Amino acid sequence: MVGYLNDLIDNLDNEYAGLAENALDSDVGFVDTGSYAFNALLSGSIYGGLPGNKVTALAGESSTGKTFFALGVAKNFLDMDKEAGVIYFETEGALTKQILEDRDIDTNRFVIVPVTTIQEFRTQAVRILENHKTVPEQARKPILFCLDSLGMLSTNKEVADVAEGKDTRDMTRAQLVRGAFRVLSLKLAQLDVPMIVTNHTFDVIGSYVPMKDMGGGGGLKYAASTIVFLGKSKDRDGTEIVGNIIKATTQKSRFTKEQMKVECKLNFETGLSRYHGLTDLAVEAGIWESAGGRITVDGKKVFGKVIMKEPEKFFTEEVLKQIDEHCKSKFMYGTESEQETEDNTGE
């Protein structure tokens with residue numbers, strides 16, 4: 001049968017077609033985001049992260065910190081591999097060299113591509129991927145795509161209408177977004193290029209319960225393997241605002257359960273906190289105990305702020321291992337054998 005199937009696809013002129021045994025990797029690669037808790041939310045493991053060849057959408061209201069969150073992930077991507085690079089499609093003209101330098105991002109490996117319309121973004125993204133494809137696989141450098149933000153992209157028709165003074169609504173936008181991501185999703189997967197897309201959310205009018213949705217039509221909803229809604233509160237040091245506490249919720253995920261939540265910390269100077277959110281997971285897993293606003297660690301009661309001042313002291317390799325095991329059961333879908341065990345025990 002193997003030979004027969006190979007004969008059927010022999011003249012396809014498609015270098016990526018082949019038996020699943022050979023054409024598909026056994027595991028999906030992940031890109032460390034710089035936050036253990038956010039890694040777990042996206043992949044089910046604190047050592048995972050962004051899907052390594054798919055689209056991840058970060059959505060939230062205005063001033064939620066989507067850009068800084070994406071920059072935090074991009075910084076960690078560059079820090080993890082000195083040969084890596086970031087292609088940043090920027091739509092607002094708000095990103096400056098100073099912003100990048102303030103966050104200690106290597107500007108020599110960070111390419112800014114200003115884009116105005118969906119068509120412009122689609123064409124330039126595809127051209128970059130096609131150029132990337134011409135490099136022999138073993139010589140390709142890791143790259144990360146970022147689009148910030150989808151909601152700010154216009155269309156050629158809208159630009160032309162504005163220039164002509166027309167005030168008609170552009171009904172082509174949603175279709176263009178769907179078309180762009182249909183093309184990009186497959187190319188990203190083939191070339192192992194992860195992509196972050198930031199987008200805005202809005203309140204759904206007429207819903208019986210408070211609901212939020214993403215702008216831009218359904219294209220991104222179908223193309224993204226993961227969609228995370230972000231909410232924030234201010235992180236203060238005394239009276240000074242030093243960052244944001246980000247509450248992240250999965251609205252869609254192909255790797256973990258939906259509607260799961262974690263808390264991350266985004267510092268304006270140092271970026272994403274590696275350990276923030278782990279204390280709650282350790283207590284939840286029964287590794288530590290919490291009572292009276294303090295955490296019991298190895299028989300000693302300490303405040304959470306003390307743990308966060310010296311996280312490496314408390315989050316030892318053994319503790320991280322136990323947290324990771326807990327995250328697998330908390331965030332990932334159960335296996336068939338696990339479900340059968342639950343059914344047999346009546347739980």
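Me: Before we start, what do "buried", "exposed" and "partly exposed" stand for here?

Reply: Buried is under 20% relative accessible area, exposed is over 50%, and partly exposed lies in between. Keep in mind that this is a predicted model.

Me: Thanks! Then why is E263 called partly exposed?

Reply: E263 has a relative accessible area of 25%.

Me: What makes K247 and E263 a salt bridge?

Reply: The cut-off is a Lys or Arg side-chain nitrogen within 4 Å of an Asp or Glu carboxyl oxygen. For K247 and E263 the N to O distance is 2.8 Å, so the pair meets the cut-off. The two residues link distant parts of the chain, with K247 in strand 10 and E263 in strand 11, 16 residues apart.

Me: How do you know that D235 and K265 form a salt bridge?

Reply: Their closest N and O atoms are 3.8 Å apart, and the limit is 4 Å, so the pair counts. This pair also links distant parts of the chain: D235 sits in strand 9 and K265 in strand 11, 30 residues apart.

Me: Why is D235 called buried, and why is K265 called partly exposed?

Reply: D235 has a relative accessible area of 12%, and buried means under 20%, so D235 is buried. K265 has 23%, which falls between the two cut-offs, so K265 is partly exposed.

Terms used
Residues are numbered from 1 along each chain as its sequence is written. This is a predicted model: local features need pLDDT of at least 70, side-chain atom pairs count only at pLDDT 80 or more; totals for chains, interfaces and linings use all residues. Side-chain values use heavy atoms; hydrogens and water are left out. Helices (H or I, at least four residues) and strands (E, at least two) are DSSP runs, numbered from the N terminus. Buried means under 20% relative accessible area, exposed over 50%, partly exposed in between (1.4 Å probe, protein chains only).
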